[in-house]
Amino acid sequence: MTSTTGRADAADTAAHGSAVDSLVHLRADGVSVLVDARGGELPAVVHWGDDLGPLTADDAAAVVEAAAAPLVSSGPDEPTRLALVPEPRTGWPGRPGIVGERDGDAWSPRFTTTVATLCGGTLAAGLTEGGAGALRVEATDVVAELTLVLDVELTVDGVLRTRAALRNDGGPYRLHELAVVLPVPPRAREVLDLTGRWGKERAPQRHDLTVGTHLREGRRGRTGFDAATVLTAGVPGFGFGHGEVWGLHVGWSGNHRHWAERLPTGDQVLGGSELLLPGEVTLAAGEEYETPWVYGVHGHGVDAQAARLHRMLRRRTAHPCSPRPVTLNVWEAVYFDHDLARLTALADAAAELGVERYVLDDGWFRGRRDDTRGLGDWYVDEEVWPDGLDPIADHVHGLGMQFGLWFEPEMVNLDSDLARAHPDWVMAAGGRVPVPSRHQHVLDLSNPDAAAFVLERMSAIVGAHGVDYVKWDHNRDLVDPGSGQDGRPVVHAQTLAAYGIMAELRRRHPGLEIESCSSGGGRVDLGVTEHTQRVWVSDVTDPLERQQMQPWTAQLLPLEYLGAHVAADVSHQTHRAHSLAFRAATALFGHFGIEWDLTRSTPEQLADLAGWIELYKAERGLLHTGRLVRQDLPADDGRQVWGVVATDRSRALFQVATLTRPATAPPGRLTLRGLDPERRYRVTPLPLSREAYAGWSVPPWLRRPEGIVLTGRALAVAGLQTPESAPETSLVLRVEAVG
């Protein structure tokens, strides 16, 4: 037998070691995952979806047998096996799980499982029944000199996550891809994922799943505005609240792949991997490569998917555990014009309103008077800040606010002391300087000296000024991302280095929080959120744009992660004008903040903004722990309805955002899902959103000061008439159980 052909027979088993022979059934939160690890083969997911209930060994074996496909003409004479890491040697005609070679050999390995454990315990032959738990399988190919380790975990929230690690046991092995796939049933014939661009992040798109591969590649060196985010396949017509769906997310901040594949055999899979550049991973003897975690999320309606992810994230140790502070970022107020008197006055105005965190943005370090120079020189600019940052930091802390500071640690301007001293620290390929973007280049953090410099400078600044919060920016794609030392591609190493600096900063400075900002929302994934407590959804703060971006970013992350700011009445990006009520109502459903020069605001504006801040503080306990609910509406409705229901369903906040003029007048009734059908609820509008119901076309119930009382079932089935609101306004409804 060679590593490229052959069947599993007695001789193979002897060569490859003893075989594992077990079925494993994991169950949690209404989800079952049945894994077939019998016969020494790589584990295959036989069922991933609704709970199968308790199974006997015979029951489980019958499920496996019932799922086995018949042989077909001109196909293999043995059943084709779809493993978590698909092996072409079984006759699998789809995308392979491993792409690599050792001088033209070992490119089609044949693995035999030798060790399998569930939550640390060895599996017995037959069936192992478990609840939530972690399965680990080790498999070897002694001919190809490769060892594969697979982790399969079902969390208590019903999220299935898996990853693979490949160890090289022989001569140098060039790995091009290591992927895991999850099967989805034939009824899942429609695909939904997200795309976007700068200022238009996470726009949904959907289409039929036809024979072939729907492949989404991220080659930007960062997650990207156009990332698939959660690639979902479901029954045709699925929506927020209905239709069975299966979704997949690659938790990685570098290059990556998501795909949905349907084969002529009828097999359908969702797959994910890191996208490795040529030559990026070559394993010497004893070296190992591990994939990012790939998350699988099943549910009925995409709201159910989001709910599982949100519950899982809220259990993470990195998840923010304190109330999300009202945040003021000074960028759109002052840009590069750093003046202590002006910034101090802005801090005073913010504290007066009840702001809890003040963030000094770009422009505080040496030579940084515009965006063409200075990046990398992480020393306080002595000309702009002759007394250092202590005067502003101490003033902010003295007002009872946290002090935050902007960094862009992975970037460098060529016009900087750092680049002049260390030109070999700038990423480059082919002996040439890459094309600039935003006048900047990428600092090669795969170079330990460069990474150590960044860590030490950031740590020194954070420690010296009591910085509570770092806005970590990343303002360009990685083009020609080669090491400045030898030109080899280093996106993989760069991503790990960034994670490492984040982790070490937080270890050195307990309590420090980090925001992931990347030209706005260019790095939003479950890899970076292992180390960060907030993401900046988009550089565009226009509330009309945010009404799309925030609900769809919430498909992956709960609202407490989503930086959402009230900006000036005329957007700095789109130049559209919006009322304060619409801007604030949009920001309310996120991590509320301000991006606005308060010193130029009117007393009336400040009074209204103070009311919204007070409301946010009163409701953030609900908004940041409850379940996201988004309503399915016809395309011509012109409105968007979304909100949060408390975990005990005792209360909720919904907003009815009128984005464009509806097709009818009055626009008609809206239903509110997610409440207890047997309880009675009082529904009242928030006075702060009165502009959305202050016209003459107001339904009778909205005219009653005490609101209206309806059962949860009536709200979900019959619904409420809503006013004919002007476009770009938002009606916020408070829903509270009574009796």
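Biologist: Which element supplies the largest share of the lining of the largest pocket?
Modeller: In this predicted model, the largest pocket holds about 1400 Å³ of space. Its lining has 45 residues, and those closest to its centre are Ala69, Thr80, Arg81, Leu82 and Asp267. Three elements, β3 (44-50), α2 (57-67) and β16 (244-250), each supply at least two residues of this lining. The largest share, seven residues, comes from β3.

Biologist: How many residues of the lining of the largest pocket are nonpolar, how many polar and how many charged?
Modeller: The class of a residue follows from its type; Asp, Glu, Lys and Arg, for example, count as charged. Sorted in this way, the lining of the largest pocket divides into twelve charged residues, ten polar ones and 23 nonpolar ones.

Biologist: Which element gives the largest share of the lining of the second largest pocket?
Modeller: The second largest pocket has a volume of about 630 Å³. It is lined by 28 residues, and Phe240, Trp552, Leu633, Arg639 and Gln640 lie nearest its centre. Two or more lining residues come from each of β13 (203-208), α10 (543-553) and β33 (639-645). The largest share, six residues, is that of α10.

Biologist: Which residue of β29 is the bridge partner of glutamate 515?
Modeller: Strand β28 runs parallel to strand β29 (residues 534-536), and two bridges join them. Within β29, the partner of glutamate 515 is arginine 534.

Biologist: What is the handedness of the β-α-β unit made by β27, helix α9 and β28?
Modeller: Strand β27 (residues 469-472) pairs with β28 in the parallel sense over four bridges. Across this pairing, tryptophan 472 stands opposite serine 516. Together with helix α9 (residues 491-508), the two strands make a β-α-β unit that is right-handed.

Biologist: How many residues apart are glutamate 177 and arginine 257?
Modeller: A search of the whole structure finds 57 salt bridges. One of them joins glutamate 177 to arginine 257, with the closest N and O atoms 3.3 Å apart. Glutamate 177 belongs to strand β11 (residues 173-183) and arginine 257 to strand β17 (residues 256-262), so the bridge links distant parts of the chain, 80 residues apart.

Biologist: Why do glutamate 177 and arginine 257 count as buried?
Modeller: The cut-off for a buried residue is a relative accessible area under 20%. Glutamate 177 counts as buried because its relative accessibility is 7%. Arginine 257 counts as buried because its relative accessibility is 11%.

Biologist: Why does the pair of aspartate 477 and arginine 220 tie together separate parts of the sequence?
Modeller: Arginine 220 meets aspartate 226 in a salt bridge (3.0 Å, N to O). Arginine 220 also forms a salt bridge with aspartate 477, where the closest N and O atoms are 2.5 Å apart. Aspartate 477 lies in the loop between β27 and α9, whereas arginine 220 lies in the loop between β14 (212-218) and β15 (231-234), so the tied parts are 257 residues apart in sequence.

Biologist: Where is cysteine 119 found, and what is its phi?
Modeller: Most residues other than glycine have a negative phi. Cysteine 119 lies in the loop between β5 (112-118) and β6 (121-122), and it counts as exposed because its relative accessibility is 57%. Although cysteine 119 is not a glycine, its phi is positive, about 50°.

Biologist: What is the phi of histidine 439?
Modeller: Histidine 439 has its place in the loop between α7 (417-421) and β26 (441-442). At 46% relative accessibility, this histidine 439 counts as partly exposed. Its phi is a positive value in a residue other than glycine, near 65°.

Definitions and conventions
Residues numbered from 1 in each chain as written. Predicted model: local features only at pLDDT ≥ 70, side-chain atom pairs only at ≥ 80, totals over all residues. Heavy atoms only, no water. Pairing = 2+ DSSP bridges. Right-handed = clockwise from strand over helix to strand, strands pointing away. 1 Å grid on protein atoms, 1.4 Å probe; cavity = no way out; pocket = protein on both sides within 12 Å on 5 of 7 lines; lining within 4 Å. Points joined across faces, edges and corners; volume = space filled by probe spheres on them. Salt bridge = Lys/Arg side-chain N within 4 Å of Asp/Glu carboxyl O. Buried < 20%, exposed > 50% of the residue type's maximum accessible area, 1.4 Å probe, protein only.
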